[in-house]
Amino acid sequence: MSESVVKTGLVDAEKRTWLIASSAVGALGTAALVIPFVASFQPSERAKAAGAAVEADISGLKPGEKMTVEWRGNPVWIVRRTPEMLADLAKNDPQLVDPQSKVSSQQPAYAQNPTRSINPEYLVAIGICTHLGCSPSDKFATGAQPSLPDDWLGGFFCPCHGSTFDLAGRVFKNKPAPTNLEIPPHVYLSDAKLLIGEDKKA
């Protein structure tokens, strides 16, 4: 009897050793699978870069000209407005949906003004129509033009469904677009450099 007890004790010890060893190997294998899986939920370097702030050199932009930079996959327009363009903005107010830019989700607080900008000379706006996401065309020339009113003072025309925006990105009444063009967060690093995507200097 004592022999069978000893043998049973040995068997139990061997089983315990195998159980511990196989559990340890299983835990390591699980960790080896779980860690990369969890890490895959982190944004890639490319994705992080796509959302990063973009620096724009505006030193060569002349009055009346526009340049476009890409931020988060969207075109961002930078328009250097002439004194005449700025003077005409107030004339559009009665025809606009939101002339005072009261819909706060469309611009940061520092751009909630008649020119929708930090520096009135420059408009910085996302060039995507707020109706269905088309990109409006520049219509800076004033006066009668196809698809535009005779008293047109310059701005943007969306060829997809006919929405019109003035040179502050404000939408005209009775058009498909419900709100003004979006103003992205931005800050001037200097007179010649603009940082789009951040509100304060890095």
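Visitor: How many helices and strands are there in the chain?
Guide: This is a predicted model, and its chain has three helices and nine strands. Starting at the N terminus, the order is α-α-β-β-β-α-β-β-β-β-β-β.

Visitor: What share of the residues count as buried?
Guide: That would be 33% of the 202 residues. The chain exposes about 11700 Å², with carbon and sulfur atoms supplying 60% of that area.

Visitor: Okay, on to the largest nonpolar core. Which residues touch the most other members?
Guide: Those are Leu 123, Phe 140, Phe 156, Phe 165, Leu 167 and Leu 181, out of 19 residues in that core. Strand S3 (74–80), helix H3 (83–89) and strand S4 (122–126) each give two or more residues to this core.

Visitor: And what is Leu 167 in contact with, beyond its neighbours within four places in sequence?
Guide: Its partners include Met 85, Leu 89, Leu 123, Phe 140 and Phe 156. There is also a second, separate core of 14 residues, with Ile 58, Tyr 122, Val 124 and Leu 194 among them.

Visitor: Changing topic: where is Ser 163 found?
Guide: Ser 163 is in the loop between strand S6 (155–157) and strand S7 (164–166).

Visitor: Is Ser 163 buried or exposed?
Guide: Ser 163 is buried, because its relative accessible area is 1%, and the cut-off for buried is under 20%.

Visitor: Which backbone nitrogen lies 2.9 Å from a polar atom of its side chain?
Guide: The one of Ala 177. Leaving aside neighbours within four places in sequence, Ser 163 is also in contact with residues including Cys 129, Cys 158, Lys 175 and Pro 176.

Conventions: Residues numbered from 1 in each chain as written. Predicted model: local features only at pLDDT ≥ 70, side-chain atom pairs only at ≥ 80, totals over all residues. Heavy atoms only, no water. Helix = DSSP H or I, 4+ residues; strand = E, 2+ residues; numbered from the N terminus. Buried < 20%, exposed > 50% of the residue type's maximum accessible area, 1.4 Å probe, protein only. Areas by Shrake-Rupley, 256 points an atom, 1.4 Å probe, with all protein chains shown as cover. Polar contact = N/O pair within 3.5 Å; in protein donor to acceptor, adjacent residues only side chain to side chain. Contact = heavy atoms within 4.5 Å. Core = buried A, V, L, I, M, F, W, Y, C linked by side-chain atoms within 4.5 Å.
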